[in-house]
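Hi everyone, thanks for making time. Let me put the structure up, and then we'll walk through a few parts of it together.

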Amino acid sequence: MSSIRGRAVGPRRGPALETMTDPVEAGRTEPGTTVQAIVFDDRDSSVELRAVHLAPPGAGEVRVRIAAAGVCHSDLHVRRGEWTAPAPLVMGHEGSGVVTAVGPGVDSPAVGDHVVLSWVAPCGRCRSCLAGRQAQCQVAATVVAPGGVLWDGTSRWSLDGETLHHYLGVSSFAEEVVVMASAAVPIRRDAPLETMALVGCAVATGVGAVMNTAAVPAGATVVVIGCGGVGLNVVQGARLAGASRIVAVDVLAAKTTEARRFGATDEVDAGAGDPVAAVRSLLPDGADFVFDAIGKTRTIEQAVGMLGLGGTAVIVGLPPSGAVASFEPLLLAENELRILGCNYGSVTPAVDIPKFVDMYLDGELLLDELISARRPLSEAADALTDLQSGTVLRTLLVP
Ligand SMILES: [Zn+2]
Ligand SMILES: [Zn+2]
């Protein structure tokens with residue numbers, strides 16, 4: 001998932017930039033390192049393993065050796081050109097690893113810490129962060145994502161002298177990365193580090209959508225459209241919230257069957273007819289909450305159509321830039337419907353990521369079941385093709 005989303009906001013500089021230090025003057029002594037990384041080049045849409053240069057961490061930054069990176073639909077959006085991420089870039093936004101170096105001024109994490117990478121590195125000082133909405137951090141939204149850079153407006157990546165961009169400040173399809181310190185969230189040492197990569201996007205987005213964005217109460221009826229990596233996390237979030245019914249909707253029967261393992265009580269084959277009618281036959285009063293984890297105009301409109309009185313539709317999957325959905329406003333008013341946007345599960349990374357790790361180790365969250373395959377970094381393009389075909393949930397790239 002991403003906060004790029006074709007926002008009309010230009011790359012104006014957010015607050016907290018006065019703390020930035022020129023990377024050249026940040027006391028760097030090491031010349032940087034060469035690492036293998038997956039580079040997406042928008043000039044020919046290529047996705048290739050390249051030996052790229054990674055500069056050392058500057059002030060407030062850390063270097064992380066990647067244990068595993070998850071392949072997410074947002075990476076597909078980039079490859080297909082559906083989002084305008086600054087390119088060429090080093091791909092990936094879900095990952096875990098071990099901190100190998102810290103820049104000046106970093107007190108956490110420390111070298112040796114196990115971390116999950118967050119694709120929002122909250123500045124902690126902007127209006128959104130101070131109001132407790134770190135997933136809407138203004139520095140992340142106006143500098144990092146639209147610029148393809150770190151907080152100081154520059155990149156640590158280059159290839160043959162050409163600057164490469166970071167992707168969402170993470171770029172996890174690489175052996176090592178440099179990220180802002182707040183993007184590297186320390187986790188327990190007893191958690192399996194490769195598997196924990198999924199916590200950084202799929203779990204944070206899906207479970208966060210239920211617990212944070214929508215705050216689904218016990219007993220509510222829930223519909224989840226799309227049962228991929230994020231959708232299944234919405235399903236298990238709804239189970240943990242105590243939903244009374246959880247209806248899984250997908251065009252692939254194998255995915256709705258899989259959703260039962262995560263807590264779904266009912267299945268709807270969206271390819272077999274009108275899914276809105278099918279849901280209404282299961283839930284005659286309509287749903288209290290419908291989560292669209294697909295992000296197509298049509299599924300968003302279907303989500304609104306499935307709502308009961310006072311119901312809430314939550315847009316979790318992200319459409320291509322510029323897509324426009326329609327609904328009947330009179331029904332929204334009369335029935336007091338709500339449509340909520342959800343960016344990154346409305347998480348507070350430093351609080352929610354360790355919590356999700358605890359929930360996995362307590363047996364509440366299923367994560368191993370989401371991992372369809374492990375592939376070497378060099379097979380990133382194949383992993384993206386697998387995801388597009390719908391044959392896999394999550395592939396972990398293991399450098
Ligand atoms: Zn993602
Ligand atoms: Zn902020």
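Let's start with helix α7, residues 253–262, where Lys255, Thr256, Glu258, Ala259 and Phe262 are the buried residues. Buried here means under 20% relative accessible area, exposed means over 50%, and partly exposed lies in between, using a 1.4 Å probe and protein chains only. Helices (H or I, at least four residues) and strands (E, at least two) are DSSP runs, numbered from the N terminus. Looking down the axis of α7, the buried residues fall within an arc of 155°, so they line one face of the helix; that arc is taken over the directions from the helix axis to the C-beta atoms. On the face turned away from the buried side you'll find the exposed residues Ala254 and Arg261.

What do the buried residues of α7 pack against? They pack against α6, β12 and β13, with contact meaning heavy atoms within 4.5 Å. After α7 comes Gly263, with a positive phi near 130°.

A word on the ground rules. This is a predicted model: local features need pLDDT of at least 70, side-chain atom pairs count only at pLDDT 80 or more, and totals for chains, interfaces and linings use all residues. Residues are numbered from 1 along each chain as its sequence is written, chains are lettered from A and ligands numbered from 1 in the order in which they are written, and side-chain values use heavy atoms, leaving out hydrogens and water.

Now the sheet. It is open, has 6 strands in the order β13-β12-β11-β14-β15-β16, and its pairing is parallel; two strands pair if DSSP finds at least two bridges between them. β13 (266–269) and β16 (338–341) are at the edges with a single partner strand each, so one side of each has no neighbour in the sheet. On average, neighbouring strands of this sheet are turned by 20° against each other, direction ignored. Axes are lines fitted to C-alpha atoms, for helices over the stretch in contact, and angles run from 0 to 180 degrees between N-to-C directions.

Helix α5 (residues 202–214) packs on the sheet and touches β14, β15 and β16, its direction making about 130° with that of β14. Zooming in, β11 (residues 221–225) and β12 (residues 245–250) run parallel and are joined by 5 bridges. Helix α6 (residues 229–241) also packs on the sheet, touching β11, β12 and β14, at about 170° to the direction of β11.

Last stop: Thr395 sits in strand β18 (residues 394–398) and is buried, at 1% relative accessible area.
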